Amino acid sequence: MSCVNPIDAARLADYWLATLTRAEEEEVEEHLFGCDECGARLREVIALAESLRKLACEGSLVAV
């Protein structure tokens, strides 16, 4: 990974779920505009969230 300050998956998820403050959101967006690697990781987080949502809607996701 060539990103010197990668955004962790939890923060990317918070960004996608819109739970960050406006200042935090702007910081993440600024980084994403210049970092293809973190942009790719965000797309992975989104794909994972969508897959989990699909499984839950199908009733295929069993959790305790």
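Me: Is E25 buried or exposed?
Reply: E25 is buried, because its relative accessible area is 19% and buried means under 20% (exposed is over 50%, partly exposed in between; 1.4 Å probe, protein chains only). This is a predicted model, in which local features need pLDDT of at least 70 and side-chain atom pairs count only at pLDDT 80 or more, while totals for chains, interfaces and linings use all residues. Residues are numbered from 1 along each chain as its sequence is written, and side-chain values use heavy atoms, with hydrogens and water left out.

Me: Which residue forms a salt bridge with E25?
Reply: R22 does, with the closest N and O atoms 2.4 Å apart. A salt bridge is a side-chain nitrogen of Lys or Arg within 4 Å of a carboxyl oxygen of Asp or Glu. R22 and E25 both lie in helix α2, three residues apart, about one turn of the helix. Helices are DSSP runs of H or I with at least four residues, numbered from the N terminus.

Me: What else is in that network of salt bridges?
Reply: The network links R22, E25 and E26. The N to O distance between E26 and R22 is 3.2 Å. E26 counts as partly exposed, because its relative accessibility is 41%.

Me: Changing topic, which residues of α2 are buried?
Reply: They are E25, V28 and L32. They lie on the same side of α2, because they cover an arc of only 65° around the axis, taken from the directions from the helix axis to the C-beta atoms.

Me: And which are exposed on the other side?
Reply: A23, E27, E30, F33 and G34 are exposed there.

Note on methods:
Helices (H or I, at least four residues) and strands (E, at least two) are DSSP runs, numbered from the N terminus.
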